[in-house]
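Dear colleague,

Here is the structure I said I would pass on. My notes on the sheet and some of the helices follow below.

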Amino acid sequence: MSVVAPVQMQPRVAAKQVDIDNLIKQYGTLRALGGVSFAVNTGEWVALMGPSGSGKTTLINILGGLDTLTSGRVVVDGVDLAKLSENGLVRYRAEKVGFVFQQFHLVPYLTALENVMLAQYFHSVTDEKEAEEALTRVGLGDRLTHLPAQLSGGEQQRVAIARALINQPKLILADEPTGNLDEANERIVIEIFRKLHNAGHTILMVTHDPDIARQADRRIELAHGRLHYDSALHGPSQPLNCPLVDTPDCCKSVSGDDEIRFDHLLEQIWVCGEEGKPAEVARLRAAGASGKLSTVPEEPASRVLSRMADLHLVALQNGEAQLTPVGSQRARDVVRRHRLAERLFKDTFSVDETEAHTQACRFEHIISPELDARICTFLGHPKTCPHGNPIPPGDCCDGKSKP
Ligand code: ADP
Ligand code: MG
């Protein structure tokens, strides 16, 4: 597929293309967005994630001028959206943004070319040659006169992308653009977005797919209409910069749970390593190491793992998780705590092995390094857990282990 045409964009400096401050959207008594703030730099590709109903579409629609905000401030490319009249919004939509929806929204009785030209019409310039070129750029040069019904889902979405790009928008808003596509077409469409990103477009894309989200520069998650996670703020370089610090919505109240999820996953990956098996992402679980105990709410392991990849605890490749040196050290520590705790419960309190395991799952999260060393010393630096699995030695052990 040919390269997407270069666009006349500002140089890629850290200029704010989108600035959202305390955005609130109320539908009657329902608060769809409850005070969202973040900024997007020019040229950034942001994946917008979050469960159904968390406010993603509402946010995209407001940014695109398809819906209005209740309060707060939204500035896109210097335009304060709350201050626009109806006519102003129409012009804003035509000049500044390009939309790609999950449903392709093509006019069924117009050809691919006419669908793109219709968009030009709204921008008050119809130029057949340019429309043709736009379609050629997304690999549809030989489908110009096809009606939407004669095109596959992937091809229809590419027509929609060509249409969205016809006015070289600064900001591309995509709401689950691959939600209706099979894997092969998903790859083609994401490849187009990647080229658009490389050409300097700013992209805000709603997606549920962690693999797609990882290709973006940044991931933002909404939950219940609020910002729940932002990889730019919560990444390894700025772990304490939570925008909601000192509020009940602060990521730290979540991150306590996250730490537990991370530990569960690290343990599982470690055990796979001991057994000489690959740690397949599809088989890992983010909650309840034994499946019996859910210390934290269940969340798809792939989502948790992608946060762990951001923190350089794991590397993900071909559906497999591998421990980084930092992740490996942490996994070793948690496995050690877990197996020491099992020994403690079994040997000292005479509980059976299953109960020892269940209790250990809880206990491993509350043992400090000092307590860990004291338990280890108390138990005589044991080499194995009650199941016979090795207990990684700690600093306290050197040469003191008993079998
Ligand atoms: P998402 O895209 O994350 O699934 P939405 O932004 O579509 O979530 O919806 C957020 C919340 O706002 C939901 O509770 C939804 O029912 C509500 N909502 C969305 N649009 C409207 C509307 N036009 N009128 C009333 N409620 C709405
Ligand atoms: Mg939605």
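Helices (H or I, at least four residues) and strands (E, at least two) are DSSP runs, numbered from the N terminus. The model is predicted, so local features need pLDDT of at least 70 and side-chain atom pairs count only at pLDDT 80 or more, while totals for chains, interfaces and linings use all residues. Residues are numbered from 1 along each chain as its sequence is written, chains are lettered from A and ligands numbered from 1 in the order in which they are written, and side-chain values use heavy atoms, with hydrogens and water left out.

Helix α4. After α4 comes G139, with a positive phi near 80 degrees.

The sheet. An open sheet of mixed pairing is formed by 6 strands in the order β6-β7-β8-β3-β9-β10; two strands pair if DSSP finds at least two bridges between them. β6 (97–100) and β10 (226–230) are the edges, each with a single partner strand, so one side of each has no neighbour in the sheet. From one strand to the next the twist averages 20 degrees (axes are lines fitted to C-alpha atoms, for helices over the stretch in contact, and angles run from 0 to 180 degrees between N-to-C directions).

Helix α6 (residues 183–198) packs on the sheet, where it touches β3 (45–49), β6, β7 (171–175) and β8 (202–206); contact means heavy atoms within 4.5 Å. The direction of α6 makes about 150 degrees with that of β8. Helix α10 (residues 301–310) also packs on the sheet, touching β3, β9 and β10, and its direction makes about 135 degrees with that of β9.

Strand β3. Of its 5 residues, 5 are buried. W45, A47 and M49 point one way from β3, V46 and L48 the other. β3 runs parallel to β8, with 4 bridges, and W45 stands opposite I203 there. β3 is also parallel to β9, again through 4 bridges, with M49 opposite E221. β9 (residues 218–223) pairs with β10 in the antiparallel sense over 4 bridges, and L222 has L227 of β10 as its bridge partner.

Regards

How values were computed. Buried < 20%, exposed > 50% of the residue type's maximum accessible area, 1.4 Å probe, protein only.
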